[in-house]
Each structure stands twice: as C-alpha cells, then as structure tokens.
Amino acid sequence: MIKNWIGFYTLSSREILRFFTVWKQTIIPGIVTTLLYIFVFGVALEDRISEIDGVSYKMYILPGLLMMNVITNAVANTASSMLQMKLLQTLPELLITPLSSLELSLSFIIGGTIRGFVNGILILFICMMAGMKIQDPISTIFIIFIVSWSFSSLGLFIGQMSDSWDQLALIQNFVLTPLSFLGGIFYSVQMLPEWGLAVSKINPVFYTINSLRYATLGVSDAPFVSSMVFIVLFSLLLTTLAVKTMESGKKIRF
Amino acid sequence: MNEIAIYINNLHKKYDEIVYAVQGIDLSIRKGEFYGLLGPNGAGKSTTINAITSLVKPTEGNIKVFDRDIVSDFRYTRSKIGISPQEISNDWFFPVEQLLYFQAGFYGITRKDAKERIDFILNKVGLYDHKDKKMRQLSGGMKRRLQIARALAHDPDILILDEPTAGVDVALRHDLWNFLQELHKEGKTILLTTHYIDEAELLCERVGIINSGKLVAEDTVSNLKELTNKSKLEDVFLELTGRELND
C-alpha cells in the first residue's frame with residue numbers, strides 16, 4: 001500500500017522528466033523509425049502485396065508498428081533508468097529513502113508507461129495522418145496504456161537483473177525484437193504453417209498487436225475479448241514480477 | 001544525551017556464503033554524539049554503515065535507530081538518517097537544486113516546504129551559485145559537497161558520512177570540518193568513517209576501531225591514547241590494527 005505519497009509522486013515525476021529531458025533520444029527515434037517502416041514496407045511494397053483481411057497492406061501493418069514502438073520505449077525506459085542508476089551509484093541513495101518496494105516499483109513503472117504511452121499516441125497521430133480510421137478509440141487508448149504498463153514492468157525487472165549494458169542489449173535484441181517481429185506486425189499469422197500459428201499463440205506480443213489491430217481496423221487473428229483478457233492478466237503478472245523482484249532486493253541490496 | 005540514536009547488536013554479514021565482512025559488531029551511538037568509525041580498507045566500515053541504512057541485509061543481528069527496528073519500522077528509521085556515501089553518485093539529468101528538491105521529496109517533503117532549507121544548505125556548502133549546473137559541470141570537491149547537501153536535504157537527526165573528505169583539497173576539508181562541527185553543535189548525531197585519523201581525532205568524541213570485521217577498541221580519543229600509551233590516535237590505530245594505513 002502506498003503511504004509516502006509525496007515520495008511516490010516525486011520519483012514518478014523524476015522518471016517522467018528524465019526521459020523528457022532527453023527527448024531527442026526517447027521520442028524522436030521512434031517516430032523516425034515508424035515513418036521509415038511505413039515508407040519502406042507500406043508504400044514501397046503496397047503494390048506487390050494484396051489486401052489482408054480486406055485491409056490495405058499499409059493500413060494492416062500500422063497497429064503492429066505502433067505496438068512495437070510502445071513496447072520498445074516502455075521497456076527501454078525502466079530498464080535503462082534502473083541500470084543507469086545502478087552503474088552511476090545513484091540507486092543506493094534512492095534505496096535508503098523511506099519509499100517502500102511497492103512505491104519504488106510503481107514510480108519506475110509509471111515513468112516507463114508514460115514514455116510508451118506518449119510515443120504510442122504520437123505514432124497513432126501519424127497513423128491517422130496516413131489514413132487510418134480508428135474503429136474503437138477508447139479500446140485503442142486503453143490497449144496502448146496497458147501494454148505500456150506491462151512492458152514497463154518487464155523493463156524494470158530486466159534492468160534490476162542486468163549488470164551491464166551488454167546484458168540489456170542481449171535481452172532487447174534476442175528476446176524482445178524477435179517476439180515483436182514474430183507477433184504478426186507485418187503479416188497475418190494465418191499465413192503461417194500450422195507450427196508457426198501454434199508458436200504465435202504463446203507469444204504475448206501477438207495478442208497485443210491483434211487486440212490493437214481489432215480496436216483500430218476491426219480485423220484480428222485472435223478473438224478480441226480473449227486477447228484483452230490475456231493482456232490484462234499479462235500486465236498483472238509482469239507488475240507482480242517487478243514488485244516482487246524489487247522486494248527481494250536481488251542485485252540491488254546485498 | 002543518554003538516548004541511543006543507533007544501536008547495533010551482534011551484527012554479522014557474510015558475502016557469498018564464504019567471506020565474513022562483519023563478525024559480531026555491537027555498537028551504541030548516543031543521540032547528539034560525534035562518533036568515528038575507523039579501520040583499514042576492507043575492515044567492514046562500509047558494510048556496517050550500509051547495514052544501518054538497509055542497503056546490506058545482515059546475516060545475523062539486529063539494528064535499531066532511536067529504538068525502532070530498521071526493518072519493521074523502515075519509514076521512521078530511514079527518515080531519521082541522512083547519508084553521504086563513499087562513492088560519488090552521478091545524476092546526469094538534473095541540475096543541483098532540482099536534485100535537492102527530489103531528495104527532499106523522497107522523504108515526503110513538499111517543494112514548498114523544502115525551499116527554505118534547500119537555499120540554506122546550498123549556501124552552507126557553497127553551491128548556491130552553482131545550483132543551476134548539472135553534476136558533470138561540477139568539480140570533484142563540489143560533487144562531494146553536493147553529496148553532503150543531499151544527505152542534509154530532509155534535515156535528518158543522524159548524519160552518516162562515509163569518507164566525506166576523500167579527494168577534497170585542504171582548504172575545503174577545513175571548511176567541511178567547521179560545517180560538521182556546526183551541525184554537531186545543532187544537536188545532530190554524526191557517524192563518520194575516515195582514513196584521515198587526524199580528522200577523527202579533531203572531530204570525534206568517541207571512536208570505534210574496526211579490524212577484520214570486528215570492533216577491536218572503542219572509547220574517547222584521550223582514553224584510547226592513555227590505554228595504549230600513545231600520543232597520537234594514528235599510533236593507536238596502527239597498534240590496534242597491526243597494519244599500514246591505506247593498504
């Protein structure tokens with residue numbers, strides 16, 4: 001339970017201000033990358049790939065691109081903030097304050113969530129400018145928020161468990177990026193062979209992309225309600241993991 | 001004056017199930033006391049300090065701050081302590097003044113309530129004119145002063161200083177000594193670790209000497225000199241630790 005509300009607010013603000021002070025590294029790259037994806041995959045390949053589920057290829061890939069951007073930013077914020085604090089020796093000064101593990105965890109998670117959410121909303125505007133018409137705006141906003149929260153929690157866990165930037169990069173390059181790409185950003189999983197379809201269904205990113213695809217375009221490879229239930233449960237699981245790891249003090253208290 | 005500010009009972013800390021950094025330390029520091037914890041490198045000073053602040057989990061033993069347990073009553077005990085760590089931390093993102101506001105905020109103090117105190121501390125440590133600078137723009141001595149300012153941001157009753165004058169020039173060291181003496185006169189309990197024995201001799205009312213994780217002596221500076229028949233605390237230290245300084 002949160003008791004030190006001022007401390008909680010202060011650390012949450014710090015985490016949000018931290019990424020805004022370096023907006024050229026935390027906001028701009030996601031936008032540039034998404035525009036490049038839209039150009040390369042959407043514009044250049046659109047004539048060669050026919051519609052998927054009755055939606056043009058350019059439109060089809062937009063929710064996936066948005067989700068990939070949200071996931072990358074949310075994870076990066078908490079993971080890099082935690083690891084940076086460890087390496088620069090600022091973490092011990094935070095750990096000795098009267099903030100509980102829950103307050104610490106949630107403050108970090110809020111920082112990452114806001115970064116993922118801000119990036120997501122900016123990409124959403126780009127998608128709208130590219131011609132996307134959103135079917136269900138409330139669900140769209142909710143999905144962007146909850147996915148930011150989930151992966152911000154995951155980032156906090158990864159940051160706490162990592163000892164170096166190399167370890168962090170390893171997880172991002174060999175776990176998160178493949179999960180994102182194999183979650184159906186650029187294709188419908190129905191195009192995959194039987195085994196590929198089965199593998200996709202155990203990939204959490206698949207449900208995040210498909211729930212957003214349904215909320216924005218009205219098409220999906222997975223039932224919308226079950227995808228939403230999955231991402232909410234996934235969020236609770238990752239939040240618990242992050243808070244419990246913080247409580248354990250593993251790799252931060254000795 | 002008899003109230004106990006820090007009470008350590010039978011503190012043991014074993015790292016990696018093999019090495020004992022601290023082996024059965026018992027320590028009581030009175031409220032308002034200026035206490036020096038001396039010892040060679042690796043003797044267990046920082047482990048003891050980190051155990052008080054809960055950065056280190058004791059393998060055995062318990063610690064109380066103003067008679068409250070540091071684990072079950074962590075909000076109270078941590079709010080009573082300010083620490084200036086041995087390692088200088090580097091927060092690249094924010095200017096000096098903002099860092100102090102954050103520090104006060106973590107302890108539950110609003111920006112409005114913290115303003116007067118932060119201005120006072122910035123003046124005291126000579127950083128007021130540098131309050132808009134980021135840490136990378138500060139000299140080593142300024143960074144050290146900022147560490148102390150951060151420790152004081154929430155006006156703690158207990159100040160723990162882990163080698164606060166390491167890497168600081170002579171003039172600044174004397175300034176810091178005067179400042180610490182002022183804080184002591186105000187009634188703050190100060191726990192100091194230092195490799196400068198003359199610093200401990202000048203400032204501390206009582207000194208504990210720690211060696212290989214054990215408290216080998218504890219008394220006033222004059223009593224320690226008398227007991228060991230030495231004229232300088234540095235000689236007492238060498239006699240009791242049996243080692244060269246700064247090995």
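**Exercise 1. Classify A:Val232 as buried, partly exposed or exposed.**

Solution. The relative accessible area of A:Val232 is 31%. Buried means under 20%, exposed over 50%, and partly exposed in between (1.4 Å probe, protein chains only). A:Val232 is therefore partly exposed. The structure is a predicted model, in which local features need pLDDT of at least 70 and side-chain atom pairs count only at pLDDT 80 or more. Residues are numbered from 1 along each chain, and chains are lettered from A.

**Exercise 2. State in which helix A:Val232 is placed, and which helix gives the most to the nonpolar patch.**

Solution. A:Val232 belongs to helix H11 of chain A, a helix being a DSSP run (H or I) of at least four residues. Helix H11, residues 224–248, contributes the most to the nonpolar patch, with five residues.

**Exercise 3. Determine the geometry of the pair A:Phe117 and A:Phe145.**

Solution. Rings pair if their centres lie within 6.5 Å; planes under 30 degrees apart count as stacked, over 60 as edge-to-face and the rest as tilted. By this rule there are 14 aromatic pairs over all chains. For A:Phe117 and A:Phe145, the centres are 6.1 Å apart and the planes stand at 75°, so the pair is edge-to-face. A:Phe117 lies in helix H6 (residues 101–129) and A:Phe145 in helix H7 (residues 137–161) of chain A, 28 residues apart.

**Exercise 4. Classify A:Phe117 and A:Phe145 by accessibility.**

Solution. A:Phe117 has 22% relative accessibility and so counts as partly exposed. A:Phe145, at 35%, is partly exposed.

Definitions and conventions
Heavy atoms only, no water. Helix = DSSP H or I, 4+ residues; strand = E, 2+ residues; numbered from the N terminus. Phe/Tyr/Trp six-rings, centres within 6.5 Å; stacked < 30°, edge-to-face > 60°.
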